Number of protein chains: 2
Amino acid sequence: MPRINAEVQTPGRRLRSEGKKTAILDAAEALFITEGYERTTVDAIAALAQVSKRTLYNHFSDKEIIFLRVLSRVNETLLSTISAAIDEELTTGRDLREALAAFAHRIVDRAFGSSDYLTFRRLISQQQLVPRPPGAIRDRPLGMLEQRFTELAADGSIRASRPRLAAQHFTALTISLAQEALLDHENEKDTEPPDIDAIIADGVDAFLRAYR
Amino acid sequence: MPRINAEVQTPGRRLRSEGKKTAILDAAEALFITEGYERTTVDAIAALAQVSKRTLYNHFSDKEIIFLRVLSRVNETLLSTISAAIDEELTTGRDLREALAAFAHRIVDRAFGSSDYLTFRRLISQQQLVPRPPGAIRDRPLGMLEQRFTELAADGSIRASRPRLAAQHFTALTISLAQEALLDHENEKDTEPPDIDAIIADGVDAFLRAYR
DNA sequence: GCAAAAGTACACCGGCGAGTGCACTTTTAC
DNA sequence: GTAAAAGTGCACTCGCCGGTGTACTTTTGC
């Protein structure tokens, strides 16, 4: 009789190996985000992943590859976070102000502390020489939001002759400002934490004044 | 008969030394901005400044000190840039839309390519451990803009019960978006350069819809 | 002119970190 | 049980870079 959930107790060669691999990427991601690329040593990654340095090098040819893999992973989760938030928060038939605020809040929450957008930006702007991750990364999330805004404009919820612009302005007024505030607070711990709800509410407010 | 402009031809000990010092800081600034702190070697700074490494170390105790000095210099020029732009562009009795656009444009121009705001942000976000430059840096520019917006609100040019918020929103809609576009373009050279005028015009447009 | 200040050239040290080689143990598959 | 796959521990190389020591030349003040 086959064991249920066999891969948890005895992962199998493949799964076990894959587990180490993601452990390494997890560790690397955490360190890259907090320390930056240069300050992160391969030994530190291995130690945090609870893996020998040699194993690490059996999985990844060099440090740079690890960085790129982390980058694309973060990018993927970012995309799905945004996609889900759009689908689940920006539903029609809901109070628009409320929906927009909930959407922005969700992005900010998910995108900070764990990984995602801001950290992603921080990471790529650190690296100048390294082979860039395949382009159009920054473009995609905006495109998804643009699509939804087009629908909102069509049913008269907002007035936006250029939905892409509206999406950009919305993001700038809410998500970007909130993230900026969080980042500032992180840089100077002594100040009290920013009121994300207020920032977003104000941003949505201004957006709605401009776009309907 | 005393020589005119003596400090140019024969700088004098003090001035000559000071000249080398700023040459070093200039070189360091350029390299820190393009390469980041870690990737910038002290030898490279000395070479670019056309100064021997030993001279460099006669002026600055270590690399970190150089970084901090660069930071405070950049911060100073940033502040004066903004202050001047406010005074000279955001004058009363000028078409508001035009004034706002000119102001934003000036900041974006000055703040990119040479040094200033964006690069400053990039620099501090690279460094985590290094002793932070004295706080309230990010705060100041906003404060100056807030003050002007208070005046604009007082004379009825804009409707803003909270001028600081208006200043933040204005910045987000114009300057931040423009800088973001420039940064993106730098990261991916293949795309065509962003139309800064258009971005700013659209931002001012949205701002005015929301704030008057 | 001359002494001192400023700058230079260059060799050098010490540490650190990326990546490797290798002999060894553990785990998995059958 | 056994062989191979996966992982480990550790010592090692090698290049890079921050920082120093020193003997030397250039510039400046007077």
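## Overall fold of chain A

Helices and strands are here runs assigned by DSSP, a helix having at least four residues and a strand at least two, and both are numbered from the N terminus. On this basis, chain A of the predicted model contains 10 helices and zero strands. Its elements follow one another along the sequence in the pattern α-α-α-α-α-α-α-α-α-α.

Chain A has 212 residues, of which 33% count as buried. Among its contacts with a sequence separation of 6 or more, 61% join residues 24 or more positions apart.

## Surface near DNA strand C

DNA strand C has 23 residues around it, and those that come nearest are Gly12(A), Thr41(A), Asp62(A), Lys63(A) and Thr55(B). Two or more residues of this surface come from each of α2 (12-35), α3 (42-49) and α4 (53-59) of chain A, and likewise from α2 (12-35) and α4 (53-59) of chain B.

By residue class, the surface near DNA strand C comprises 12 charged, seven polar and four nonpolar residues.

## Surface near DNA strand D

Around DNA strand D there are also 23 residues, with Arg54(A), Thr55(A), Gly12(B), Thr41(B) and Asp62(B) coming nearest. Here the elements that supply two or more residues are α2 and α4 of chain A, together with α2, α3 (42-49) and α4 of chain B.

The surface near DNA strand D divides into four nonpolar, seven polar and 12 charged residues.

## Helix α10 of chain A

Helix α10 of chain A covers residues 196-210. At 1.5 Å a residue, its 15 residues should span 21 Å, and the C-alpha atoms at its ends are 21 Å apart, which agrees.

The buried residues of α10(A) are Ile199(A), Ile200(A), Gly203(A), Val204(A), Ala206(A), Phe207(A) and Ala210(A). Because they cover an arc of only 165° around the axis, they lie on the same side of α10(A). In an α-helix there are 3.6 residues a turn, so residues three or four places apart point the same way. The exposed residues Asp197(A) and Ala198(A) are carried on the face of α10(A) that is turned away from its buried side.

Ala101(A) belongs to helix α6 of chain A, which comprises residues 96-111. This residue has 19 other C-beta atoms within 10 Å and is therefore partly exposed, since a buried residue requires 20 or more.

Apart from neighbours within four places in sequence, Ala101(A) is in contact with Ile200(A), Ala201(A) and Val204(A). Leu90(A) is 11 residues from Ala101(A) in sequence, and their C-alpha atoms are 9.5 Å apart in space.

How values were computed. Residues are numbered from 1 along each chain as its sequence is written. Chains are lettered from A and ligands numbered from 1 in the order in which they are written. This is a predicted model: local features need pLDDT of at least 70, side-chain atom pairs count only at pLDDT 80 or more; totals for chains, interfaces and linings use all residues. A residue is near a molecule or strand if its C-beta atom, placed from the backbone, lies within 6 Å of it. Ala, Val, Leu, Ile, Met, Phe, Trp, Tyr, Cys and Pro count as nonpolar, Asp, Glu, Lys and Arg as charged, and the others, Gly among them, as polar. The expected span of a helix is 1.5 Å times one less than its number of residues. A residue is buried if 20 or more other C-beta atoms lie within 10 Å of its own, exposed if 12 or fewer, and partly exposed in between; C-beta atoms are placed from the backbone. The arc is that of the directions from the helix axis to the C-beta atoms. Two residues are in contact if their C-beta atoms, placed from the backbone, lie within 7 Å.
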